[in-house]
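Here's a quick walk through some helix packing, plus a look at the aromatic rings. Have the structure open while you read.

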Number of protein chains: 2
Amino acid sequence: MGRLTGGDPSLLRRINSSVVLHALRGAGTSFSSDTTDCPTLTDLTRVTGLSRPTVEGVVEGLIEAGLVVVESAAEEGGAKRQGRPARRFRFRAEAGHLLGVEISPHRIAALLSGLDGRIVGAGSREVDESLGADDRLERVRQVVADVLRRTGVPRSSLRAVGVGTPGIVEAGGTVRLGTALPGWTGLPLGERLRRSFRCPVLVENDANAAAVAEHWKGVGQDTDDLVFVLAGLSPGAGSLIGGRLHRGYGGAAGEIGALHLLGREATPEKLLSTTGEPLHPLDEQAVAVVFAEARRGDAQAQAAVERFLQRLVHDVAALVLALDPELVVIGGWAAGIDGVLEPLRSELERYCLRPPRVALSLLGEASVATGALRLALDHVEEQMFAVETTVTARR
Amino acid sequence: MGRLTGGDPSLLRRINSSVVLHALRGAGTSFSSDTTDCPTLTDLTRVTGLSRPTVEGVVEGLIEAGLVVVESAAEEGGAKRQGRPARRFRFRAEAGHLLGVEISPHRIAALLSGLDGRIVGAGSREVDESLGADDRLERVRQVVADVLRRTGVPRSSLRAVGVGTPGIVEAGGTVRLGTALPGWTGLPLGERLRRSFRCPVLVENDANAAAVAEHWKGVGQDTDDLVFVLAGLSPGAGSLIGGRLHRGYGGAAGEIGALHLLGREATPEKLLSTTGEPLHPLDEQAVAVVFAEARRGDAQAQAAVERFLQRLVHDVAALVLALDPELVVIGGWAAGIDGVLEPLRSELERYCLRPPRVALSLLGEASVATGALRLALDHVEEQMFAVETTVTARR
């Protein structure tokens, strides 16, 4: 009994705010100087199907929160010249900003957007995979500071920061397990980064963030059921089910790196060996050499690549058999290797009762930071939709 | 914009109906003869938090639909003796019935319940695995007819029939792929069975049904994130995510039977061989013999069982790594084998970053039919909750 109540006025208010905000944001780009693109109360009432007093109340709340501004209305021509022209309203995408950050073994990247999600700045730098947690976080701060400085966006304008990083991430932003980066396991990453920002910091597994990104701006825009495989030495995966991120009960969904151990298959070091000795050190550079040799026709390298592909097929097939997604997106550095897609497709056809579509990531290197940005935007939109109860109260 | 409207009065009505129905159903058992257990309008208003006119409207609709009846109110003692006593309302669980049916290689089973889901009848019979589709469906009709006759429930009282069966089942009830039963692939099972019933027939994959069952009445009552592994020669699995069945984009989620082919592992026929020759025919009886020999100390049989368990571990680990459930329930005939649970637990501890709880099915043989019954009940409850718009209109 306790779960349902007779009606939730705050829920209704949020839905109404959401509807009005979507209508406002949909009305031309926010940087348009043509104010006739901006809707009037009458427009908003018509488009949303809400009553005029409801729309008026929501818009007042949004203006109070600084998210909407009244444009000086241009005179309309024709019959309506007499009388006061109707006020026009514009969504202020510039009222706040969002950051999407990738923290990976070799790379720190940041994307900056306005409240409409349009990218207004970007920055990245290569880092050493052996970098400790403190040094790595220092690089993150530098990349972010650099982006903010170059775009002229004040740090105080940031409304939320999303972060994508390898490992199992707990709801509060602590890395429960992250073997890809030194010092990452147990790191209270969200808490550490919150010291640099005065806004919410949301930490997400990198493959999960990438899945969100491909759904938002990449190859997965036309489906709500996709798996993103961040294919590398230790593959990870992120899944959207019905358009929502499936994190799993403990945030470990898609952590398929251990699958090959179960099948009694060789480790990547052995798979990719061309000498009989395990490949060491096993890093992207060493692997790139093997792939280049294979392309030049070296038989041993070709055999190594074939073994590597079989392992990828096996990992992806396990995900597909368990989840049955509509689309599998291959990202990570393996996506850059020629000839990954075709063997994957034909093998999945063989083993899967209902083979999914398979596509390469459209966003490539940008996928993790883009997904992190989207998660920050989701967070802020939730706040905006609760504008009357939450945002107003904060001011 | 098109997705949200300013308010959905029919949705609100359904929520209200649902709240009132839950309150009515929660008030004592439906066969209780003590009418003071039955709530009054005042009780319902207090418990639901809804307004009195709303409750009154909903109750009138439910009475009209035959789902609620006014009990002749007993005189209340004490101060309130004067005046007309308040009417008391009772949910009529006997107003309709539901069937849950299992159609498996060796067995047909049926469960019958009232609208409250309480079992009022059951029946089953062994069948030959070589039975063709027509003969198998004839056996289903016989089992159902027998249960109805023994309980005295008229066929016309059936509101919905749920069916659990191996294979990939499309939304309309056609078996897209079902290799476990002769003639099953392509069979319009829902359509065929609808000829025998004048109510909706819902067909579901057997492992999916079993997952629903364990969540409803089995070991999974305390979690919304579980995987049910129907462990047999070709394992299948059903998953609940956030309390909802995850069927996958094409209904093939959990069909992990092909996983061992990918790992280049041997087929079950080879795994379970004690002679060097593939085990043939491979059926439950042949496998039971191998397990019995292993228990008697036969070294070759013990090795075969070990290989079989490793395959099960591999299948379950793939599901766990992909989905990260809170609980894994082992059902099917492998659940009856001594010593399955401990090796599974310890191996999952080794390979999974966040190992789930592992438990044996509580419902055992009844799990598929119980889940099918629950799905039928879900369907009818959805209708009941839409009582004002749908059920009333049908009369």
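Helix 2 and helix 3 of chain A are roughly perpendicular to each other (the label covers angles of 65 to 115 degrees; under 35 is roughly parallel, over 145 roughly antiparallel, and the rest oblique). This is a predicted model, where local features need pLDDT of at least 70 and side-chain atom pairs 80 or more, while totals for chains, interfaces and linings use all residues. Side-chain values use heavy atoms, without hydrogens or water, residues are numbered from 1 along each chain as written, and chains are lettered from A and ligands numbered from 1 in written order.

Here are the packed pairs, with helices being DSSP runs of H or I, at least four residues, numbered from the N terminus. Axes are lines fitted to C-alpha atoms over the stretch in contact, and angles run from 0 to 180 degrees between N-to-C directions.

| Pair | Angle | Axis distance |
|---|---|---|
| Helix 2 (residues 41-48) of chain A and helix 3 (residues 52-64) of chain A | about 115° | 9 Å |
| Helix 10 (residues 299-323) of chain A and helix 10 (residues 299-323) of chain B | about 80° | 9 Å |
| Helix 10 of chain A and helix 11 (residues 341-351) of chain A | about 50° | 10 Å |

Helix 2 of chain A brings L41(A), T42(A), L44(A), T45(A) and T48(A) to the contact, and helix 3 of chain A brings R52(A), V55(A), E56(A) and V59(A), with contact meaning heavy atoms within 4.5 Å.

Now for the pair between chains. Helix 10 of chain A packs against helix 10 of chain B at about 80°, so the two are roughly perpendicular. H314(A), A318(A), L319(A), A322(A) and L323(A) meet H314(B), A318(B), L319(B), A322(B) and L323(B) there.

Helix 10 of chain A also has a right-handed crossing with helix 11 of chain A. Among the residues in that contact are L309(A) and V313(A) of helix 10, and L344(A) and Y351(A) of helix 11.

What about charges over rings? The charged end of K217(A) sits over the ring of W216(A), 4.4 Å from its centre, and K217(B) sits over W216(B), also at 4.4 Å (NZ of Lys or CZ of Arg within 6 Å of the ring centre and within 35 degrees of the ring normal).

Key:
A crossing is left-handed if the near helix is turned anticlockwise from the far one by less than a right angle, and right-handed if clockwise.
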